[in-house]
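User: Please take a close look at one helix-to-helix contact in this model and at the parts of the fold around it. I would like a connected account that I can follow with the structure open beside me.

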Amino acid sequence: MTKDVNRRGVLLAGSGGAFGLFSWAALAGAAPRKRADLRLERVPGVRPRNILVVLTDDHRYDAMGFMRAQSFGDTPTLDRLAREGVHFRNAFVTTALCSPSRASIFTGLYAHQHKVVDNNHPIPPGLVFFPQHLQAAGYATGFIGKWHMGDEGDQPQPGFDHWVSFKGQGTYLPSADGLNVNGKRVPQKGYITDELTEYALDWIDKRDRSKPWFLHLAHKAVHSEFIPAERHKGRYDKETYRTPPTMAAGAAGRPAWVENQRNSWHGVGYPYHGTLDVGDYYKRYMETLLAVDEGLARIMDLLAQRGELDETLILYMGDNGFMFGEHGLIDKRAAYEESMRIPMLARCPALFGKQSRTVQEVVANIDVAPTLLAAAGLAAPKDMAGSNALPLAQGKSVPWRSELLYEYYWERNFPQTPTVHALREDRYKYMHFHGIWDIDELYDLDADPHEANNLLARPGHEALAETMSKKLFGILEQTGGMAIPLSADAGVRNELRDPKGPAAAPFPPRFFRAPAETLSDLVRKLREGSARNLGA
Ligand SMILES: [Ca+2]
């Protein structure tokens, strides 16, 4: 384990060029964990399951055939998982960005706790990933695919006996960097999704039955720029993309920063500083997903041949959502539903039965670690922020969270989205923006599932916003989240605007008021204003 920590130390030092100015004061002095420290208490009578996690990148929650979000887009294998397993209908990430979400999946912690707060921050030395616990409990463990945490490195990480990865985002087609297979550089031969599937099949097929196994297969797909497999190109050319109802410019009640993002790297008016068509973009996305779905079918076939399919826990999920025009935006980071929701499906007839089940409770990426540890018969460490969702998947009624904290920390490289904290309850969602002069957002998700009617744009919901704000800061206080991470300047800034695109959005009407005439008027109006602003 000392070696592992040293490896992280090297990783940290190695990132000193572009992203080196970080400090992990709270964790840097922590003693390296010994293997014995990683051993968790066993839950009596629980048989450790084989576990396959298939993680996709930027796969939004409704981009699955059975969800019928559009009139096209096939995912027969994901449909099968939903039909024969559990669909977590309300699954979310606590941060809609690759690295923070991946770190939350592996630690069961919020981004402000694991501190991998953006795609550049290094992994703090001593941070423990749950596969280390599985390994210590006797599991064979494999990692295949996109790691993308800490920096651009692809070196093997603690917790995995077998390692296949690539630098950063990787590439759909072979590139000079190739793959890192157990520390050795190996050429990428073909289309990445198919190749990662082959590596997964090969590793699973070599498992003997003497010990349980855990495989984390993290596809590059379906991250932009979308490149479908050759056999799937153009499949949806003739289809029609229905644009989202919130895509139009100038919606009443929209914060200025959202309206301004329209003409930016992450907006429909200047997408990636270019001119892509959102509908065509979605078609390529769904074509790119086809190889993922086919690959999972092949893995399930192999498990069936081995007689292990119904005994293996398969968890399919995305690392964050993706907006295709909602609110005039593309990509992720915001706390809107299409950005923070993810697809999540689980199949294990031995645990859940073979009938279809839909879970309505709000589950999240932070629940993955405690849930999978439970499936391995291990008691999760007490400091994890997430909870074991296995009882929900089994249709049991158990105490569960009534609200979920969301957080995103402003990146200078993508300055169009501010620091966001949000509290999502079953009915209402409150979004709080830090460091900008703008209105917050509050939505009644029952009445307004598209988040088109910001209840804070006019008087009437201040008390509810204040209550939710208190709860939000309560969770941040309790979990050590009352600090905004600061990153040193580095990397490319995606900060341009199209000179022919929309001009800057006006301040929301709520801020406008004629100057006070007398000092007593001024005091009275300030008092009224501060009472109003408390909630907004
Ligand atoms: Ca992602």
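Analyst: Helix 4 (residues 76-84) packs against helix 10 (residues 278-305) at an angle of about 55 degrees, and their axes are 7 Å apart. Helices here are DSSP runs of H or I with at least four residues, strands are runs of E with at least two, and both are numbered from the N terminus. The axes are lines fitted to C-alpha atoms, for helices over the stretch in contact, and angles run from 0 to 180 degrees between N-to-C directions. Helix 4 and helix 10 are therefore oblique to each other, given that angles under 35 degrees count as roughly parallel, over 145 as roughly antiparallel, 65 to 115 as roughly perpendicular and the rest as oblique.

This is a predicted model, in which local features need pLDDT of at least 70 and side-chain atom pairs count only at pLDDT 80 or more, while totals for chains, interfaces and linings use all residues. Residues are numbered from 1 along each chain as its sequence is written.

On the helix 4 side, the contact is made by Pro76, Thr77 and Leu78, which meet Asp293, Leu296, Ala297 and Met300 of helix 10; two residues are in contact if their C-beta atoms, placed from the backbone, lie within 7 Å. These contact residues divide into 5 nonpolar, 1 polar and 1 charged, where Ala, Val, Leu, Ile, Met, Phe, Trp, Tyr, Cys and Pro count as nonpolar, Asp, Glu, Lys and Arg as charged, and the others, Gly among them, as polar.

Helix 4 also lies across strand 2, strand 8 (313-318) and strand 11, running at about 65 degrees to strand 11. Strand 2 (residues 86-92) and strand 11 (residues 344-347) pair in the antiparallel sense over 2 bridges, and Val86 has Ala346 of strand 11 as its bridge partner. Two strands count as paired if DSSP finds at least two bridges between them.

These strands belong to an open sheet of 10 strands with mixed pairing, in the order 6-5-4-3-7-1-8-11-2-12. Strand 6 (184-186) and strand 12 (357-364) are its edge strands, each pairing on one side only, and the twist averages 15 degrees from one strand to the next. Elsewhere on this sheet, helix 8 (residues 192-205) lies across strand 3 (140-145), strand 4 (162-165) and strand 7 (213-218), and runs at about 170 degrees to strand 3.

The loop between strand 7 and helix 9 (256-261) contains Val222, which is joined to Ala221 by a cis peptide bond with omega of about 5 degrees. Glu225 is found in the loop between strand 7 and helix 9 as well, and a cis peptide bond joins it to Ser224, with omega of about -10 degrees. In the loop between helix 6 (111-114) and helix 7 (130-136) lies Lys115, which has a positive phi of about 75 degrees although it is not a glycine. Most residues other than glycine have a negative phi, and most peptide bonds are trans.

The UniProt record, an unreviewed entry, places the feature "domain: Sulfatase N-terminal" at residues 49-377; UniProt positions are given in the numbering used here, feature names are shortened, and annotations may be inferred rather than shown by experiment. Over residues 49-377 the chain is 29% helix and 17% strand, with the end C-alpha atoms 8 Å apart.

As for confidence, the mean pLDDT of the protein is 92, and 92% of its residues reach 70 or more, pLDDT being the predictor's confidence in each residue, from 0 to 100. Over residues 1-21 the pLDDT is below 50, and this stretch has 32 contacts in the model beyond near neighbours in sequence. Over residues 25-30 the pLDDT is likewise below 50, with 6 contacts beyond near neighbours in sequence.
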